[in-house]
Amino acid sequence: MPTGLERYIARRLALAIIVLLAVVTFTFIIARVVPSDPAELYVGPKATAAQRERARIELGLDKPLYSQFVSYLAGLLSGNWGISLRAHTSVLGDILTYLPATLEIIVLANIIAVVIGIPLGVYSAVKKGSWLDQAGRLWAIAGVSIPSFWFALLLQLFFFGRLHILPLEGRLSPGVSLYYPIDPITGFYTIDSLLEGNIVGFVDTLRHLILPAIALATYPVGLITRMTRSMMIEVLRETYIRFAKANGISERLIIFRYALKNAIVPTLTVLGLSFAYSITGAVLIEIIFGWPGLGTYTLNAIIEADYPAILGVTILGAMFYIFINLGLDILQSYMDPRVRLS
Amino acid sequence: MAGVLIILFFAVVAVFAPFLAPYPEEGAGVPNPPNKFLPPSSAHIFGTDYLGRDILSRVILGSQVSLTVAVVVIVLAIIIGTPLGAIAGYLGGGIDELIMRITDIFLSFPSLLLAIMLLATLGPGLTNAMISLSLTWWPWYTRIMRAQAVTLRERSYVEAAKVMGVSSFWILLRHILPNAISPILVQGTMDMSSAILAEAALSFIGLGAQAPSPEWGLMVSTGRIYILNYWWFPAFPGLAIFAIAVAFNLFGDGLREILDPKTRRFIQA
């Protein structure tokens with residue numbers, strides 16, 4: 001007999017798949033509406049008309065639209081995400097090559113955001129009304145209001161231009177990549193360099209990673225601080241907290257054992273959302289720091305109307321979004337039975 | 001609150017921009033090559049850019065663009081999203097499911113990506129950017145409105161109206177909508193800040209406002225390569241974006257503080 005939780009999960013999963021399918025369809029239609037000729041992009045400007053025709057047949061463009069769509073779907077499921085029109089390389093392969101670079105920034109940025117944001121939010125809530133609280137609120141508002149691309153430029157100006165302590169751009173210094181090269185096992189330079197014991201490479205990677213991560217972290221820091229603060233305030237108002245206080249349980253115990261536990265789930269929700277947001281924010285950061293990640297790949301694909309690449313990245317992004325949300329929903333329903341019953 | 005004052009300040013600046021800018025023609029885009037890259041001074045408080053144009057004037061004129069963007073994008077998104085949400089929440093059933101699925105689909109796209117794709121189809125430019133952004137934003141208001149409508153349709157005055165034979169349309173218009181408006185307003189003001197940031201980002205990539213428009217994101221983008229030598233060029237427009245975003249967020253935050261306790265009392269009653 002399936003439990004309420006299992007039924008809930010099944011329902012949400014089915015829904016997620018339907019939405020994903022709709023996203024793929026929608027993107028496919030938009031990508032084909034863009035006024036450009038895929039065959040022409042494929043063969044380049046110097047090709048003859050005959051070559052273009054051959055390309056058209058090769059790419060399957062002579063078949064009706066729905067048949068193209070169906071073969072595309074079949075391809076997706078079997079791991080063939082198409083060929084990049086510009087580079088003639090496998091889209092899936094390209095995406096998997098560039099993804100780790102972007103993920104490194106996103107993960108570090110969100111770690112920074114959590115490490116700064118949650119304690120700040122907690123203290124702000126506990127000392128509500130004090131100057132610490134006001135400072136915390138202003139800080140949170142500043143975080144979500146800063147244009148990340150502007151802040152990135154300021155970081156470059158300050159730490160590279162004036163202080164000369166951090167590099168300007170890229171993932172590695174030219175010297176390090178020559179003399180202490182990192183073998184791309186996973187694509188995550190931090191992990192790869194540690195796996196080989198390449199300490200110089202590891203330090204260099206971190207030095208290059210820190211500024212983009214800080215620039216990307218501004219929005220999540222603001223969001224998490226604000227969210228943690230308001231959740232803590234809500235929870236601290238509850239009767240069971242006052243009861244615990246009246247019974248003489250220490251304030252520290254109250255905050256960390258009872259209040260924080262209940263404020264954690266909404267904060268996780270916000271974290272998931274901010275993670276998903278970071279994927280788009282990363283585009284701007286990558287441009288400024290010359291970072292060879294998915295953001296620059298996507299931007300170039302869109303500008304050149306390389307529709308298989310565009311489709312591939314959009315589907316990946318949508319998959320992230322949908323499954324992060326699904327995960328959060330399931331987590332929330334697991335922790336809060338009221339949700340599954342609604 | 002501070003937020004309202006700052007917004008009013010920007011609004012006044014935007015309305016009277018051509019009169020306030022010390023070098024209005026340069027602000028609009030007329031180049032002045034002999035003056036290029038002058039550092040901040042009393043003659044040019046924010047310095048000059050790569051074409052010799054006074055940056056303060058450009059920033060002042062740019063305020064018109066930014067405020068227009070904030071208002072147009074969000075108002076459009078609210079106009080599209082709110083009725084859909086109200087209908088979905090009030091009528092429930094199949095229509096509700098349909099509208100919410102469409103909303104889910106839109107919300108599954110990373111918003112900037114969706115906006116960029118729409119712009120790639122429509123072509124770059126400020127108006128198209130505003131339209132694209134509205135199209136990525138409306139689902140949020142549909143969700144808020146729907147949640148409100150679902151709560152409000154149980155109220156006794158709605159039931160009374162139904163019993164009296166009032167049409168659904170009228171109920172939506174006179175009973176549901178006015179009572180649901182406050183979360184929409186709060187979200188809307190804070191979203192104006194995000195809309196400005198999003199539009200600046202689009203212009204930064206090159207898909208939004210085009211040269212010689214004094215749009216702040218575009219100025220940061222053009223000035224980006226000069227950050228190390230002529231820092232004032234991208235720094236001041238970016239500062240302006242920051243300031244106006246903070247203003248809208250402060251305002252929205254304050255608005256929420258005012259409206260929240262009221263809603264709470266309302267529900268308890």
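Student: Why is B:Phe37 called partly exposed?

Tutor: There are 15 other C-beta atoms within 10 Å of B:Phe37. A residue is buried if 20 or more other C-beta atoms lie within 10 Å of its own, exposed if 12 or fewer, and partly exposed in between, with C-beta atoms placed from the backbone. B:Phe37 has 15, so it is partly exposed. Bear in mind that this is a predicted model, in which local features need pLDDT of at least 70, side-chain atom pairs count only at pLDDT 80 or more, and totals for chains, interfaces and linings use all residues. As for naming, residues are numbered from 1 along each chain as its sequence is written, while chains are lettered from A and ligands numbered from 1 in the order in which they are written.

Student: What makes B:Ala43 exposed?

Tutor: B:Ala43 counts 12 other C-beta atoms within 10 Å, and therefore it is exposed. B:Ala43 lies in the loop between α3 (24-28) and α4 (55-91) of chain B. From B:Ala43 to B:Asp54, 11 residues along the sequence, the C-alpha distance is 9.1 Å.

Student: How do you know that A:His164 is exposed?

Tutor: A:His164 has 8 other C-beta atoms within 10 Å, so the label is exposed. A:His164 sits in the loop between α7 and α8 (174-179) of chain A. Just after α7(A), this residue takes a positive phi of about 55°.

Student: How many residues put chain A in contact with chain B?

Tutor: Two residues are in contact if their C-beta atoms, placed from the backbone, lie within 7 Å. By that test, 34 residues of chain A meet 33 residues of chain B. Elements of chain A that give two or more residues to this side include α1 (4-33), α12 (251-288) and α14 (307-335). The largest share, seven residues, comes from α7(A).

Student: Which classes of residue make up that side of chain A?

Tutor: Ala, Val, Leu, Ile, Met, Phe, Trp, Tyr, Cys and Pro count as nonpolar, Asp, Glu, Lys and Arg as charged, and the others, Gly among them, as polar. The side of chain A that touches chain B has 28 nonpolar, six polar and no charged residues.

Student: Is the crossing of α4(B) and α9(B) left-handed or right-handed?

Tutor: A crossing is left-handed if the near helix is turned anticlockwise from the far one by less than a right angle, and right-handed if clockwise. α4(B) passes α9(B) in a right-handed crossing. The axes of α4(B) and α9(B) (residues 168-205) come within 7 Å and cross at roughly 145°; axes are lines fitted to C-alpha atoms, for helices over the stretch in contact, and angles run from 0 to 180 degrees between N-to-C directions. Among the residues making the contact are B:Val69 and B:Val73 of α4(B) and B:Leu172 and B:Ile176 of α9(B). By class, the contact of α4(B) with α9(B) has 14 nonpolar, four polar and two charged residues.

Student: Where in chain B does pLDDT stay under 50?

Tutor: That happens over residues 262-269 of chain B, for which the model has one contact beyond four places in sequence. pLDDT is the predictor's confidence in each residue, from 0 to 100. Where it is low, the predicted coordinates should not be read in detail. Chain B as a whole averages 82, and 96% of the residues score at least 70.

Conventions: Helices (H or I, at least four residues) and strands (E, at least two) are DSSP runs, numbered from the N terminus.
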